[in-house]
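Welcome! Please take a moment with the sequence and the fold below, and then let us walk through some helix packing and ring pairs together.

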Amino acid sequence: MATRAKSAERSSKSAERLPDKASEVQDAVITLAGTGCYGYADGPGKIACFANPEGIAIDREGNVIVADTGNLRIRKVAADGTVTTLVGSGSPGLSDGDMEASETFNDPEGVALDQEGNLIVADAANHSIRKVLVHRTVDRCVLTLSGSGEPGFADGPCKDASFNDPKDVAIASNGDIFVADTSNHRIRKISQGVVTTLAGSGTAGFEDGQGENAAFADPESVAIDLHGNIVVADTNNHSIRRVTPQGEVSTLAGNGAEGYVDGPGHEARFHCPEGLVVDGDGNVIVADTENHRIRKIQPDGQVSTIVGGDMGFADGSLETARFHTPTDVAVDGDGKLIVLDYSNFRIRLVFAGLRPPSNVGAVGVLLQAPSSYRRDMLRMLSDPVLSDISFSVEGGVVPACRVLIMARSDYFYTMLNSDFIEGRHSGPIPIQDTTKEAFSAMLQYLYTDEVDLADSNVLDVLRLAHRCQLTRLCQECCVYVRRTLNVHNAVSWWIAAKDFFMEDVAEQAFEFVKKNFKSIRGTAPSTLRLLDSRPELMKDLLMHLPM
């Protein structure tokens, strides 16, 4: 069976406003982001550009997470349409690392969110499943969960398993990851570090049955339904299949022949459906890609068309709106349908009156209320009533909770649980050689595991973290320094990195100073005078400057 050829036709028309109410029928379909032109640009929705995006998910804040396949990046679209890049250097490859410019993907096509809000990515041309840690600043990095970078098929421990062009992932409520292993014609499962095959013989075909007796043809999307079954867009069988957790495969709608027909499931026809999601009523919403339509399969199997028609681009009513090869769909917490309009290079919103996912999220994880932990801990930090100890810093008093900071820091545990004078001090404990801003930032980190850094405090926080033996906080500071190097701070941060033996940061700052020496001398010459007290660094710089 021939896989559909993906078109690169485009339109320049885009919508520039969001409707105030879903009841405005004439604006039932709008453009959230994208100009209609192939490219890469962050910014407001009306100027942002995508390059054949393939997969979407919704995070807990309602942002749309986009696998921007042609740009080799993972992007985020806020509710107002503003687009930012979460991760990806834009260069093809398979490299893990922190979220600077080192991590690479190769045709990322599917994305889902786990229970902690981290991203699981089907990195198709890398034949791998990747994980993007996004919930903590210092932990923002890309890891390869499974897959070697080469196509193949092997079950077993994640480090030994192999995939062939995996195009989508879904996550069950227990954390198991289900993979549409497209060119292996299988549905795979990753559970507790082991990869197994749930269903599929490995040969393209159309067959219901148990486990390896069943057959798929290039399945490209998976989702979890309200009963924990895996719903599969069996793309080149032009059908929607269902797999129980035990591996029993049945056909929900379609019969293996392409076409466009609404009606009972066994009579309905699709044409290369590539994306699907389950709403709060148990309906399966399908991106019927080559029919340029969004379809709905009710729990009783009845198939209908929500929106779409002939290939094209048009916002407006459900009857008149048009799409061009939509490849994925998601349902947000308000019941809006988000459509990835692949060949129009846009993210579209459809007000179709769907029920938001309730027990199962749009990406297959349990919907939970956002955690209030950080807010509660910041309130604890700022409320003297909830503190039983205080510190004197730069003439000011900073309250804290003795038990909390002792539990979070060996430095403070030793200080406050020993014969040191600080442990027996009856008033505010004096803290020397730092600033109140830096000390407050360190306490914020101890309370919340997060820290708000700025150019004005990062070096003082780094010195204090080094002194208090807070390794992760030092790393947080290093990440900030690497991301924000400029002509005004590069010299001071180079010196600080050398002082604290952070050779990777020192090397990066040194390279920046070398490459931008003329700009620093012209724009911020006073910073070079910091090297007067560090003749060994000045000598090193002069030796390496281009002649």
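Among contacts (heavy atoms within 4.5 Å) between residues at least 6 apart in sequence, 51% join residues at least 24 apart. This is a predicted model, where local features need pLDDT of at least 70, side-chain atom pairs count only at pLDDT 80 or more, and totals for chains, interfaces and linings use all residues. Residues are numbered from 1 along each chain as its sequence is written, and side-chain values use heavy atoms, with hydrogens and water left out.

Of its 547 residues, 56% count as buried, meaning under 20% relative accessible area with a 1.4 Å probe, protein chains only (exposed is over 50%, partly exposed in between).

**Two packed helices**

Two packed helices are described by the angle between their axes and the distance between the axes. For helix 5 (residues 458–467) and helix 6 (residues 471–483), the axes come within 8 Å and cross at roughly 155°. Helix 5 is therefore roughly antiparallel to helix 6, a label for angles over 145 degrees on a scale from 0 to 180 degrees between N-to-C directions.

Which residues of helix 5 meet helix 6? They are Val458, Val461, Leu462, Ala465 and His466, and they meet Leu473, Cys474, Cys477, Tyr480 and Val481 in helix 6. The residues of this contact divide into nine nonpolar, one polar and no charged. Here Ala, Val, Leu, Ile, Met, Phe, Trp, Tyr, Cys and Pro count as nonpolar, Asp, Glu, Lys and Arg as charged, and the others as polar.

**Aromatic pairs**

The structure holds five aromatic pairs. Rings of Phe, Tyr and Trp (its six-membered ring) pair if their centres lie within 6.5 Å; planes under 30 degrees apart count as stacked, over 60 as edge-to-face and the rest as tilted. Two of the pairs are shown here.

| Pair | Centre to centre | Angle between planes | Type |
|---|---|---|---|
| Phenylalanine 391 and phenylalanine 439 | 5.1 Å | 55° | tilted |
| Tryptophan 494 and phenylalanine 510 | 4.9 Å | 20° | stacked |

Phenylalanine 391 lies in strand 28 (residues 389–393) and phenylalanine 439 in helix 4 (residues 436–448), so their pair ties together parts 48 residues apart in sequence. Phenylalanine 391 is buried, at a relative accessible area of 0%, and phenylalanine 439 is buried too, at 1%. Ring pairs also link Phe391, Tyr411, Phe412 and Phe439 into a cluster.

Are tryptophan 494 and phenylalanine 510 buried or exposed? Both are buried.

Technical notes:
Helices (H or I, at least four residues) and strands (E, at least two) are DSSP runs, numbered from the N terminus. Angles under 35 degrees count as roughly parallel, over 145 as roughly antiparallel, 65 to 115 as roughly perpendicular and the rest as oblique.
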